[in-house]
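Please consult the sequence and the structure shown below while reading.

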Amino acid sequence: LDNKVRKGLDRLYAYQHADGGWGWWKDDKSDPFMTAYVVDGLTMASRAGYQVDNWRQTQGREKLSSLLTAGKNDNGNPIDDETRAYMIYAFTESSDGDVHFLDELYSKRNNLGSCGRALLALALQERKDGRAQEVAKLIEGSAQQDEFEAHWQTARVNDYGRDVYLDAEATS
C-alpha cells in the first residue's frame with residue numbers, strides 16, 4: 001500500500017500546474033473540482049500518516065482561494081454552487097486558517113442541494129462549529145420519504161452547462 005500511495009502522490013505532483021492547481025490532464029487549465037479533489041486527497045493522505053509535500057498542498061490551497069475569490073474558473077465560467085461547496089470543504093479541511101469562505105457558504109445554505117449541504121455540514125463539523133447541526137437538520141428535512149425508504153435527489157447544471165444528477169451520491 002505504501003508503494004501505491006507513493007506512486008499516486010508522485011503522479012499527482014507531476015500533474016500539478018504552474019498556477020498550483022490541477023486539471024484533468026497535465027497541460028490543460030486548472031479545474032476547480034479537480035484542484036479541490038487533489039487538495040482533499042492530499043489532506044486524507046497526510047492524516048493517514050503519509051508524507052505529503054506541504055508546499056504542493058499550499059500551492060493547491062492558494063489556487064482554490066483564487067478560484068473561490070474570483071467565483072469563476074480559468075475559462076471565465078462561473079463556478080456552480082455544488083462545486084464551490086466542495087472547494088470550500090477541501091479548503092477548510094486542509095488548514096486551520098481562513099474561514100471566511102465557509103461563512104459565505106453557510107449564508108447560502110438554503111440555495112444548496114443535498115451534496116452541497118452535506119459538504120457544508122462536514123466542513124463546519126471539522127471546525128467544531130455548532131452550525132453543523134442546523135445544516136444537518138436541513139439535510140434531514142429535504143429527504144424524499146415513503147413508508148420504506150428515504151433518499152435525496154439532486155439536479156443541477158454544472159459549470160460546463162451540463163445537467164448533473166447525483167442521487168446515489170447525495171443519498172450516500
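## Confidence of the model

Across the protein, mean confidence is highest in helix α2 (residues 32–47), at 97, and lowest in strand β3 (residues 156–157), at 66. The score is pLDDT, the predictor's confidence in each residue on a scale from 0 to 100. For the protein, the mean pLDDT is 90, and 94% of residues reach 70 or more. Where pLDDT is low, the predicted coordinates should not be read in detail.

The model is predicted, so local features are given only at pLDDT of at least 70 and side-chain atom pairs only at pLDDT 80 or more, whereas totals for chains, interfaces and linings use all residues. Residues are numbered from 1 along each chain as its sequence is written, and side-chain values use heavy atoms, with hydrogens and water left out. Helices (H or I, at least four residues) and strands (E, at least two) are DSSP runs numbered from the N terminus.

## Helix α5 and its partners

Helix α5 spans residues 100–107, and its buried residues are F101, L102, E104, L105 and Y106. Buried denotes a relative accessible area under 20%, exposed one over 50%, and partly exposed the range in between (1.4 Å probe, protein chains only). The buried residues of α5 pack against α3 (54–70), α4 (81–93), α6 (114–126) and α7 (131–141).

With α4, the helix axes come within 9 Å and cross at roughly 145 degrees; axes are lines fitted to C-alpha atoms, for helices over the stretch in contact, with angles from 0 to 180 degrees between N-to-C directions. In this pairing, R84, A85, I88, F91 and T92 of α4 meet F101, L102, E104 and L105 of α5, where contact means heavy atoms within 4.5 Å. The residues of this contact comprise six nonpolar, one polar and two charged. In this classification, Ala, Val, Leu, Ile, Met, Phe, Trp, Tyr, Cys and Pro are nonpolar, Asp, Glu, Lys and Arg are charged, and the others, Gly among them, are polar.

E93 belongs to helix α4 and counts as buried, at 8% relative accessibility. When neighbours within four places in sequence are left aside, the contacts of E93 are D40, T43, R47 and E126.

## Salt bridges

The whole structure contains 11 salt bridges, each defined as a side-chain nitrogen of Lys or Arg within 4 Å of a carboxyl oxygen of Asp or Glu. One of them joins R56 to D53 at 3.6 Å, N to O; R56 is buried at 17% relative accessibility, while D53 is partly exposed at 29%.

K108 pairs with E104 at 3.2 Å, N to O, and K108 is partly exposed at 38% relative accessibility. R131 and D129 meet at 2.8 Å, N to O, with R131 partly exposed at 23%.

## Two loop residues

K128 is located in the loop between α6 and α7. Although not a glycine, K128 has a positive phi of about 55 degrees; at 76% relative accessibility, K128 is exposed.

Y50 is placed in the loop between α2 and α3 and is partly exposed, at 21% relative accessible area. Apart from neighbours within four places in sequence, Y50 is in contact with L1, D2, V5 and A45. Y50 and L138 are 88 residues apart in sequence and, C-alpha to C-alpha, 36 Å apart in space.
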